[in-house]
Amino acid sequence: MSKWNDLQEHSFLESNARERALGIVDDGTFTELAGPFDRLSSPHLVLLGDAVEFDDGIVCGVGKIGKTPVFVVSQEGRFIGGSIGEVSGAKMANTIKLAIDFHDKLVADYPDLSDEEKPIVVISFETGGVRLHESNAGLLAHAEVMDLFQKARGKVPVISLIGSKVGCFGGMGFVAAATDVIIMSEFGRLGLTGPEVIEQEMGKEEFDSSDRALVFRTTGGRHKYIIGDANFLVADTIAAFREKVADLAPLPVADFEEMRRVGSPETVERQIRGVALAAEMHPQDARDVWAKAGNDNPASLTDMPLAAFLGQVKRLQV
């Protein structure tokens, strides 16, 4: 069995950034850009006497799924929590810019190109956000990526994959929310502020970060799917994430606009209704929201097999 075939059944949660990047596109099509042999490491970590990685904790490249060029960004949580600094941020931003430039050239040279043949961007998030060692550069990278999303909007769909150990928190939580589609597994976690930070600022009574069940009920994939922060919930394998990306890749770009959760007057109105509902409910637990969505026995949703969960769960409508 080839390495690629073997990767397909790997746990997405347990896979590293390079395994996810290789496995999400077709076998043998991935070309890494600015990889470890180019030795683009953080100059700031050297000055601080910290260890560096020659890919700065992020794997970027391009491959294909069928006829679709796929520009891939994959973050590595094992290196400083997948944090974004100057080099990793530049790699992320320039990969998205390459996708936009490639789209523009393709469309100019081949005006009859089908939707399936136009590029997409896939970002596998595993990050706590800005790297505090180089915070200004990290914050600037966040802004650059958000700006590029606006340039990509309407021509290059950007798809988020969230199912890795660190989750997607901090400023990168905002970045993920600004993409066109979010695919999560039940083990993925998404939010602005991580559980430990909430406990530190608000106290253990407000949020006990050692209560893993509470953490996953509040920031995990099942909750994010019910409240609409995630568009799709898939099994914890690279193959499951890849299959959903392959389903989405041939769609017209207008279909992606319909899946966005932010960025239009309609989505702003929906968010305002959601905030008003939260103020009215004062939920003490995510299960209160699940019940409000129409789930008669919300506690049963926690440990239900994924297929059964997807078959019967009711999602919050506001």
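In which handedness of crossing does H2 pass H10? The structure examined here is a predicted model, and in this model H2 passes H10 in a right-handed crossing. Helix H2 covers residues 17-24 and helix H10 covers residues 238-248. Their axes come within 9 Å and cross at roughly 45°. On the H2 side, the contact is made by Glu-19, Arg-20, Gly-23 and Ile-24. On the H10 side, Ile-238, Phe-241 and Arg-242 take part. Sorted by class, this contact has three nonpolar, one polar and three charged residues.

Helix H4, residues 86-109, packs with helix H5, residues 135-152, at an angle of about 10°. The axes of H4 and H5 are 9 Å apart. Angles under 35 degrees count as roughly parallel, and H4 and H5 are therefore roughly parallel to each other. From H4, the residues that meet H5 are Glu-86, Gly-89, Met-92, Ala-93, Ile-96, Lys-97 and Ile-100. From H5, the partners are Ala-137, Ala-141, Glu-144, Val-145, Leu-148, Phe-149, Lys-151 and Ala-152. The contact of H4 with H5 divides into 10 nonpolar, one polar and four charged residues.

The largest pocket has a volume of about 1,700 Å³. The largest share, seven residues, comes from H12. By class, the lining of the largest pocket has 21 nonpolar, 12 polar and 11 charged residues.

The second largest pocket holds about 390 Å³ of space. Of the 20 residues that line this pocket, Gly-128, Phe-169, Gly-170, Gly-194 and Val-197 are the closest to its centre. Helix H7, residues 195-202, gives the largest share of the lining, with three residues. The lining of the second largest pocket divides into eight nonpolar, eight polar and four charged residues.

Note on methods: Residues numbered from 1 in each chain as written. Predicted model: local features only at pLDDT ≥ 70, side-chain atom pairs only at ≥ 80, totals over all residues. Heavy atoms only, no water. Axes fitted to C-alpha atoms, helices over the stretch in contact; angles between N-to-C directions. Helix = DSSP H or I, 4+ residues; strand = E, 2+ residues; numbered from the N terminus. Left-handed = near helix turned anticlockwise from the far one by under 90°. Contact = heavy atoms within 4.5 Å. Nonpolar A, V, L, I, M, F, W, Y, C, P; charged D, E, K, R; others polar. 1 Å grid on protein atoms, 1.4 Å probe; cavity = no way out; pocket = protein on both sides within 12 Å on 5 of 7 lines; lining within 4 Å. Points joined across faces, edges and corners; volume = space filled by probe spheres on them. Parallel < 35°, antiparallel > 145°, perpendicular 65-115°, else oblique.
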